[in-house]
Amino acid sequence: MFAAVAVNIPSAKTFTYSVPGEMEEALAIGKRVLVPFGKRKVTGYITEIKELSERKNLKDIIEILDKKPLFTKDDLTFYRWVSDYYMYPLGKSLREILPGGIDVKSDIWIFPEGDGNEGGEKKISRTQRKIIGILENCHSGISSTKLKEQLGRGNIGEDLKTLEKSGFLRMEEKLRKAEVRVKRECMITLASDLPADLRLTEKQKRIIEILKGNGRVPLAALRDELKDIRSAIKRMEKRGLLSLSEKEVLRTPDKPCDIGIAGIDIRLNNQQEAALEEIIKGILSKRYRPYLLHGVTGSGKTEVYLRAIEKVLDLKGSAIFLVPEIALTPQLISRIKEKFDDDIVAILHSGIGKSSKYDEWRRIEREDAKIIIGARSAIFAPVKNLRLIIVDEEHDASYKQDERLTYNARDCAMVKARLSSATVILGSATPGLQTYFNIQEKDITHLTLTKRVVDRPLPEIDIIDMKNEREERGNLSVLSTRLKGAIHDTLLAKKQTLLFLNRRGFNTFLVCTDCGHIFKCLNCSVSMTHHASDGTMKCHYCDYSIKAPPLCPECGGSKIGSHGVGTEKLQEEIETLFPQARVERMDSDSMSKRGAYERILRELDRGMIDILVGTQMIAKGHDFPNVTLVGIVSADTSLNIPDFRASERTFQIITQVSGRGGRGDFPGRVIIQTLNPEQYAITYARDHNYLGFYNEEIVTRRELSYPPFSRMVKFRISSTQESKVQKCAALLGEIARKITQKYTITVMGPAEAPIARIKGRYRWHMLLRGKDVKILHALSGKILQQLGKSEADIRLDVDPLNFM
C-alpha cells in the first residue's frame with residue numbers, strides 16, 4: 001500500500017511513500033505522518049491512499065502521528081480549491097490551515113569538537129570563524145535553525161561541512177518533538193471489591209474516602225487535597241486497592257466574561273421575521289443558498305443569525321459564525337452562551353493558545369462542537385454536517401489574509417457552502433460593491449432590514465470642514481470646536497464617547513489646506529504618495545511621478561502640506577482637554593497583551609470608560625447602549641490612500657463607526673471632521689444612503705475597468721538588496737508583457753510599493769488585470785515559470801485588497 005503525502009515546501013507536488021504492513025490499518029486521509037525527506041525527517045499530510053505505485057524503491061513512512069484524522073476527504077477537496085485558487089502549494093497551505101505547533105521534524109545539531117585542524121585555520125572564512133565563536137559558548141550544542149538565526153544567514157551548509165572535515169565541530173540529526181501534543185492526565189480508580197479487614201494508614205484511609213465520594217479522580221486533584229501521596233498510591237496499587245489509568249484532557253480557550261445586556265426577551269420585528277423565514281427555507285432545502293442580509297446598523301442582524309443557528313441545531317446540523325476581528329468575539333460569545341449550551345461552542349482564532357486551538361479543532365472534528373465562532377481561519381474548521389455559514393460584516397478587508405496563503409475567508413465561505421450544499425449569509429450594513437453587484441450576476445438573494453430595532457432613529461451626522469478650524473499659529477486643529485463641545489456635553493450627561501481615527505491611511509498624501517484639493521494620479525484615479533526625500537509625488541500603481549508642486553493647481557494657494565495624527569497623540573490631547581474623563585485607547589499597539597480586548601470592552605460595557613479612542617477595532621459590530629457620541633477625527637486618511645477602493649472603504653468605515661452611536665434609549669450623534677466635506681463617500685454616509693453611493697461609485701469602476709468589472713493578480717517582489725529587487729521587477733515586467741500580449745490583459749507596473757521597505761526588505765509590485773480569473777491564473781503561472789529561479793522573493797496575491 002502507498003500514500004501520497006503533501007509536505008510543507010514551495011512545490012505543488014505531493015510525494016509517494018510506501019506504507020509498512022503494520023501501519024496499513026491505521027492509514028487514513030487527513031492524518032499526519034513523519035516521513036524521510038532528503039536528509040531530514042519532516043511532518044507530511046496524507047492526501048491519497050493508493051494500492052499500486054509505478055515507482056520502485058520508495059521510502060517508507062516512519063510513523064503515523066494521529067490516532068484520528070485532522071480532516072476528511074471532503075475537507076481536503078475544499079483545501080485543494082483554496083490551494084489552487086490562491087496559487088499556494090498544497091503542503092504549505094495545509095501548514096497554514098491546520099493548528100500551529102503540531103509538526104514533528106528533525107534538525108541538525110552542531111557540537112563543538114576541540115580546536116580542529118590548526119594548519120588549515122588560515123583558510124577559514126569569516127562566516128566560519130563566526131560559527132566557531134558561537135560554538136565556544138554552546139558546550140551542549142546548538143540547532144542549525146538557531147545558528148542560522150544568530151548568523152543572520154540561511155545557507156551555511158557548505159561552511160558546516162568544511163568545519164566538520166577540519167575537526168572543529170560534529171553534526172548530529174535530532175528529532176524535534178511537536179510543540180503541541182495531546183494532553184493526558186493520570187486518573188485513580190478505587191477497586192470495586194475492597195476487603196473488610198483492611199489495615200490502612202491514616203493517609204490511605206483518607207485517599208479511599210475521597211475516591212468513594214468522587215469515583216474516578218485525577219491524581220493531580222488528590223495531590224492538591226493531600227501532600228506526599230506518591231508512595232502511598234504505589235503501595236495501594238500493588239495491593240490491588242486502586243488502579244491507575246490515563247485520560248485525555250481537552251484544553252479550552254478562556255471564555256470571556258459576559259459583555260452586554262443579558263436576560264432580555266428579544267422579539268423580532270416584521271422585517272427580521274421575513275428575513276429569517278427566507279433563510280430557514282434555504283436551510284431546509286439542503287442546497288447551496290447564498291443570502292445578503294443588508295441591514296442598517298442596529299437593525300438586529302445578530303438576532304436573525306442566532307435564530308437561524310437555532311434552526312440548524314434542531315436539524316442536528318452545525319454552523320460556522322465568522323467575524324472580521326478578534327475584538328468582536330467576546331460580545332458575540334456572551335450572546336451565544338446566553339442562548340446555547342456552552343459545551344457545543346468552539347472558538348477558533350489567532351488570539352487563543354496553540355494547545356487550546358488544537359483541542360478545539362479536534363472537538364470539531366469529533367462533532368462535539370456544533371457552533372464554531374472565529375475570525376477568518378475558522379472557515380477551515382473540519383465541520384461535519386455543515387448547514388449554515390454566517391459571514392458578519394462581510395465587506396471587511398480583515399477577512400483577507402495578507403501574507404503567505406492570501407485567502408479571503410468571505411470568498412472561501414461561498415465556496416465551502418457550495419461544496420457542502422449549505423446556506424451562507426453575508427451580513428453587512430455596507431456590503432462590498434462586489435457583493436452587491438453579484439446580487440444580479442450570481443443569484444444571491446437580497447434581504448433587507450431598513451429599520452433599527454424598536455424603531456430607534458439612526459444617528460444624526462454633522463460634517464465639519466476642517467479647513468475652517470485652525471489653531472493660533474494657523475495650523476489645522478486636531479479637534480474642531482464643535483467636537484470638543486459635544487464631548488463636553490456628553491461627559492456632563494454621563495454618557496460615553498467613541499473617537500475614531502483610521503490609521504490605515506498615511507500622512508504622506510499632499511493636500512491644499514486652502515481648498516482641500518488632493519493630488520491624484522491622472523492614470524489611476526488614486527492619490528499620489530509624497531516622497532519628501534526627493535521632493536516627488538508617485539503613483540504606486542503605474543509608477544507615474546511628478547515633482548511636488550509649490551502651488552495648488554486648483555486654487556493657486558501655497559498652503560500645501562500633509563495631514564494626519566496618531567491615536568496616541570489623540571489620546572494625549574483628549575486627556576489634556578478633559579482631565580476628569582476616564583480615557584482609554586483601543587488599537588493594535590495597546591491590544592497586544594493577552595486579555596486586553598476583553599478588559600476594554602468589559603469596562604466600556606460597565607460604564608468605567610468615558611471616552612474610548614481607537615482605530616477600526618471600535619468601528620465594527622459592537623453594541624454599547626450608553627455610547628451617544630461618535631467622533632470621526634479625520635475622514636481623509638482612508639479617503640486618500642493610493643487604492644481604487646478608497647472611497648468605498650471610507651463610506652463603509654464612516655457608516656460602521658457612526659452606527660455605534662445611539663443604540664440604546666438615547667439618540668446618537670456623529671461628527672465627521674474632513675477637509676473634503678463635499679466628497680460623495682462622506683455625503684452619502686451622512687445621509688445613510690448606500691444605494692446612492694453604490695450607483696455613483698460603480699460608474700467609476702466600470703469606466704476604469706476596476707473590480708467588479710475585472711479580476712486581478714498581484715506579484716509582490718521583495719529582497720534585502722534594492723538592486724536585486726529592481727532588476728527582478730524589471731525582468732518580471734518584460735516577461736509579463738511578452739506573455740500577455742495576445743490576451744486582453746493589462747500589466748500595471750512594476751512599481752515601487754507605497755511602503756517601499758518593511759523589515760529590511762525592499763518591495764515592488766506588479767498587477768495583472770483581466771476579466772477571466774482562469775486566464776490570469778494560467779498566465780501568472782507561465783510568467784513565474786519563464787522567470788525561473790530569482791534573486792528576489794516573489795509572492796502571488798489573487799484578488800488583492802492591500803496595495804500598500
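**Exercise 1. How many cavities of 30 Å³ or more does a search of the whole structure find?**

Solution. The model is predicted, so its local features need pLDDT of at least 70 and side-chain atom pairs count only at pLDDT 80 or more, whereas totals for chains, interfaces and linings use all residues. Residues are numbered from 1 along each chain as its sequence is written, and side-chain values use heavy atoms, with hydrogens and water left out.

Step 1. A cavity is a set of points, on a 1 Å grid over the protein atoms alone, where a 1.4 Å probe fits but cannot get out. The search of the whole structure finds one cavity of 30 Å³ or more.

Step 2. The largest cavity holds about 40 Å³ of space, a volume being the space filled by probe spheres set on the points, which are joined across faces, edges and corners.

Step 3. Its lining (residues with an atom within 4 Å of a point) consists of Leu498, Met586, Leu601, Leu604, Leu612, Ile618, His622 and Phe624.

Step 4. Ala, Val, Leu, Ile, Met, Phe, Trp, Tyr, Cys and Pro count as nonpolar, Asp, Glu, Lys and Arg as charged, and the others, Gly among them, as polar.

**Exercise 2. Describe how helix α3 packs with helix α5.**

Solution. Step 1. Helices are DSSP runs (H or I, at least four residues), numbered from the N terminus. Axes are lines fitted to C-alpha atoms over the stretch in contact, and angles run from 0 to 180 degrees between N-to-C directions.

Step 1. Helix α3 (residues 126–135) and helix α5 (residues 157–165) pack at about 65°, with their axes 10 Å apart. Helix α3 is therefore roughly perpendicular to α5 (65 to 115 degrees).

Step 2. Contact means heavy atoms within 4.5 Å. Thr127, Gln128, Ile131 and Ile132 of α3 meet Asp159, Leu160, Thr162 and Leu163 of α5. By class, four are nonpolar, three polar and one charged.

**Exercise 3. At roughly what angle do the axes of α10 and helix α11 cross?**

Solution. Step 1. The axes of α10 and helix α11 (residues 329–339) cross at roughly 40° and come within 11 Å.

Step 1. From α10, the contact draws on Thr302, Glu303, Leu306, Arg307 and Glu310, and from α11 on Leu332, Arg335, Ile336 and Lys339. Three of these residues are nonpolar, one is polar and five are charged.

Note on methods: 1 Å grid on protein atoms, 1.4 Å probe; cavity = no way out; pocket = protein on both sides within 12 Å on 5 of 7 lines; lining within 4 Å. Helix = DSSP H or I, 4+ residues; strand = E, 2+ residues; numbered from the N terminus. Parallel < 35°, antiparallel > 145°, perpendicular 65-115°, else oblique.
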